[in-house]
Amino acid sequence: MKVLVLGSGVVGVTSAWYLAQQGHEVTVIDRQPDAAEETSFANAGQLSFGMSSPWAAPGIPQKAIKWMFQSHAPLKVRPSLNPAQWQFMLSMLANCNEKSYGVNKSRMVRVSEYSRQCINNLQDELKLPFEGRKKGLLQVFRTQKQIDDAAKDIKVLQEFNVPHSMLNVEECIANEPALARVKHKLVGGLHFPADQTGDCNLFTKSLVKKCQQLGVVFKFNTEIKALVNDGDMIRGAQTSNGLETADQVLVCMGSYSPFLLNPLGIRLPVYPIKGYSLTLDVKSDADAPQSTVMDETYKVAITRFDNRIRAAGTAELADFNADLPKARRATIAESVSSLFPEGGNIEQAQFWTGFRPMTPDGTPIIGATRYKNLWLNTGHGTLGWTMGPGSGKLIADLISGKQPDIDDSGLAVSRYA
């Protein structure tokens, strides 16, 4: 079959790879001059399979009110007249309960754990260069309450047999020796030994080359304007270079997916949650993180590449505003400086922002639509890098009519009906 993949972030490119492997004729279209130039460009760098959790959780509404009055808060809201913003917030609030949290987290962990297998298999087969490390992830806690709150996550981790262990301060330092400088700030941590790190941008661009070797055609600098339907079938996509037709169409356009689907009557509850990152050179290896350290207080992930540190965080509801406020930089810089004061050159760090395609329940949208040949693989939020390979393999199997390796129930857009 001829398959059209719309979007060349990590989700679109991994989908294209698996589709091509299964013998399909694949074309990928993107408005950017290269792959992974938007949300996949400078994300946190963590492959946090075990840390996959919905933001909509019990207690979040109360925390959100408190964060409104903090200078270094992990959540910021710029109120707008956009109905999508208010609908997203109301839907997210409706998921902030124990029952919904358990259902949503179990779905997310299901996809993430499968994605772990997929990326490991990809690495064994392709040996892609992306500065990857397999040294685990450490979530550090600064208060006892944070440890107590982790209990609900541990229950789901046990259910899915996700490797994890609760650590005291000395054990945290054994995993991340540079934390010895700031041990007085910590009370413990949750360690995920099977989690990984790596540069998503490098990975995606490396996989593009492998896709091309399989015959995948990439059409960059091509704006996707609309999907063209004929009844319950999609003929193709109208682009700045004309109509691209296909037997099957897969939408992997992240935060921009709703714009393409709304005219077809598909209401996709995906909202652009703005995030920020700092990328800085390592100044002292002994004083820098060795893998990913998740600062639970600031919700900032601090990740080590070869000679760089990537720190990313903040959730800002600001529609598609791409400004880079100094206050947001300060929050991420505060987390890095607080835990790794001598690790990198924070003053010379590169500041970046991107839009995470978030669903109100935190779970990505993977699967069929009411149109017979239109498929979705979008809405991964902060976990596109983590879930990309797994969701790419899953959607490729579904499009090919194969029985997927994991249960795909509760992942399609129909769950919002």
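What follows is a short chat about how some labels in this predicted model were assigned.

Colleague: Why is Ile-224 called buried?

Modeller: Its relative accessibility is 14%, and buried means under 20%, so Ile-224 counts as buried.

Colleague: Which residues does Ile-224 touch, leaving aside neighbours within four places in sequence?

Modeller: Ile-224 is in contact with Leu-6, Gly-7, Ile-29, Ala-237, Gln-238, Met-253 and Leu-260. Contact here means heavy atoms within 4.5 Å, so those residues make the list.

Colleague: Where does Ile-224 sit?

Modeller: In strand β10, residues 224-230. That strand belongs to an open sheet of 3 strands, ordered β10-β11-β12 with antiparallel pairing.

Colleague: What makes β10 and β12 edge strands?

Modeller: Each of them pairs on one side only. Ignoring direction, neighbouring strands in this sheet are turned by 30° against each other on average.

Colleague: How do you know that β11 and β12 pair?

Modeller: Two strands pair if there are at least two bridges between them. Strand β11 (residues 233-239) and β12 have 4 bridges, in the antiparallel sense, so they qualify as a pair. Thr-239 stands opposite Gly-242 of β12.

Colleague: And the largest nonpolar core, which residues have the most contacts inside it?

Modeller: Val-5 and Phe-203, in a core of 46 residues. Helix α1 gives the largest share, 8 residues. Beyond four places in sequence, the contacts of Phe-203 include Val-10, Thr-14 and Trp-385. Another core, of 28 residues, lies apart from that one, with Leu-179 and Tyr-298 among its members.

How values were computed
Residues are numbered from 1 along each chain as its sequence is written. This is a predicted model: local features need pLDDT of at least 70, side-chain atom pairs count only at pLDDT 80 or more; totals for chains, interfaces and linings use all residues. Side-chain values use heavy atoms; hydrogens and water are left out. Helices (H or I, at least four residues) and strands (E, at least two) are DSSP runs, numbered from the N terminus. Buried means under 20% relative accessible area, exposed over 50%, partly exposed in between (1.4 Å probe, protein chains only). Axes are lines fitted to C-alpha atoms, for helices over the stretch in contact, and angles run from 0 to 180 degrees between N-to-C directions. A nonpolar core is a set of buried Ala, Val, Leu, Ile, Met, Phe, Trp, Tyr and Cys residues joined through side-chain atoms within 4.5 Å.
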